[in-house]
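The following paragraphs lead through the fold of one chain and then through the contact that it makes with its partner.

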Amino acid sequence: MDMMTPVKDTALLDAMAFVWLEADRLDQREFDDWLGMWSADAKYIVPVEPGVTDFEAHLNYAYDDAVMRAKRVERMMGGDSVSASPLARTVRALSRFRLLSDDGVTIELRCMQTLTEYRRERMKSHVADVEFTLVREGAGLKIARKVVRLINADHTLSGISYIL
Amino acid sequence: MKDLDTPFAALVQDDKALTTLYTDPGLFEAEMDKIFTKTWVWVAHESEIATPGSYKRARVGLEPVIVTRDRKKNIHVLLNRCRHRAATVCEVSKGKTNSFVCPYHGWAYGLDGSLRGVPYEESYAGKLERGKLGLKALRTETYNGLVFATFNDEIEPLEDFLAGAKKWIDLFMKQGAGYPVKANGEHKFSFPGNWKIQLENTTDAYHFPLVHKPFLKLTDVETEEQFDIMNKGGWVEDLGNGHSVMIMMPELVDLEENLDAPIPDKFADLAQALRDEGHEEQQVRRIIRAVGGSGFNVNLFPNLGCSAAFFRVLQPVSVTETEVRHIALAMDGGPEIANRERLRIHEFFQGPMGFGSPDDAEVWDRVQQGAQGGKELWLLLNRSTETEEPTAEGTVKGDVSSEIGMRAAYRQWKKLMEA
């Protein structure tokens, strides 16, 4: 098969557009729409140790199923959390996209993310490799798994009361 | 007041401390010298260096050390500083090795710190006293898996130092459910504030219903009820030498008592899975208890908390910056499904993205910010001073929201600073 089939080209562009939409929704605080971007059994994971792949058996910063993602949003919007009141302003950029695989149903996409946070007169930065597993559902895509590998994950972080 | 005459009376009295304890850089330097290099400081759990050749880095105060296990299984705590020209000999957080080789000129040290190799040694013409040039070793003792070290050769034995806290350490380790307790990963986070703000917090029930309201709202109903700690008959006890314990859930002091109590609904599926794996009913109940952790926090002065279900390690960085580690615990060799449940519980509250820790870090940050003002004002530590009572074991306790734990810590702080 031709390595540059039109299907794959579309897949990369579709995937990029989709994860950019996810990023924009997080920065714009469109959390209900964000929660709708995931497949039913999807996981949002922020691991501690570099290189770990069996996330369930290791300690993570976040290991969220649908219930936990909804709780994370509720905590950000609930107004009770002193670290999320006010919520940090965030701006994130995704780039260096690479389509790792596409079997027609599932797309694996890797990219980098730089996120800048501003809160209480302090600016902070979080840089990560992000691994997306996207699935074609109906006419569009859903996130089946998102793994955010912070480059300093195994070092000391400050509080992150929002979604990376 | 009886302590008005002492050198530090202007800073610490029985039931209050001056705001500058959080902000004075000179005091911070003095603390590193008079407290952290003079007392027992926790550096590791034995499981972190379980096998010969394993090591981890740590700090005693600001001084970098390596905790090692040698071939004879002895534990050493060694200053991470080449005896030649001071470079660190280890820059990896944890691992296994046969030796530590300085990257600057290649001096090589064994797991016990002894100097094993010096490149081009002939330049010393046989006069280099290798036997005196091992990595500086700290005095090291262990208690129930906890490894402590000190630069102070004159200090009392560790067990005497731990005093009344030993009983609570033993109770805490029951969350192994008969398996050895094992460190199982850690969250590290920092906050821009003084280390004593976090030290105080480990026996501060008073903040819980407010700061952790989001956690209480988002957790399950059973856990929310369990953490209604202001109304459950808990208490805080002064254990001597600056140590204290806060009992939040009196029914979870001894995890092996009252095993016939109903298994909480939140653990029903896990209990069934354990039965399906072939565990006897009593062992299922022990494991379920272990998964939930202990109902108390032991605060060991100056840097370790055995806190409900994890170790909390304090690392002062500067007068206005502190690193905190929350080390998750597991049953070593225990059922994997139960250890995974423990990880998920840890992730829920702890760490920089947990539903509890960031709110703690935020209020500690606010304390440090607020303490930039009113340096003549006192921090009030007098909750329950009027209602303290002696225990049968000769200690003193106050109600669950008492500040007796902080008073105990500051009394020890003052004793060491004045020594």
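Helices (H or I, at least four residues) and strands (E, at least two) are DSSP runs, numbered from the N terminus. By this rule chain A comprises three helices and six strands, in the sequence order α-α-β-β-α-β-β-β-β. The model is predicted: local features need pLDDT of at least 70 and side-chain atom pairs pLDDT 80 or more, while totals for chains, interfaces and linings use all residues. Residues are numbered from 1 along each chain as its sequence is written, chains are lettered from A and ligands numbered from 1 in the order written, and side-chain values use heavy atoms, without hydrogens and water.

Chain A contributes 37 residues and chain B 34 residues to the contact, defined as heavy atoms within 4.5 Å. On the side of chain A that touches chain B, strand S1 (38–47), strand S2 (60–64) and helix H3 (66–77) of chain A each supply at least two residues. The largest share, five residues, comes from H3(A).

Ten salt bridges cross the interface of chain A and chain B, each a side-chain nitrogen of Lys or Arg within 4 Å of a carboxyl oxygen of Asp or Glu. A salt bridge joins the side chains of B:Lys94 and A:Glu49, at 3.3 Å from N to O.
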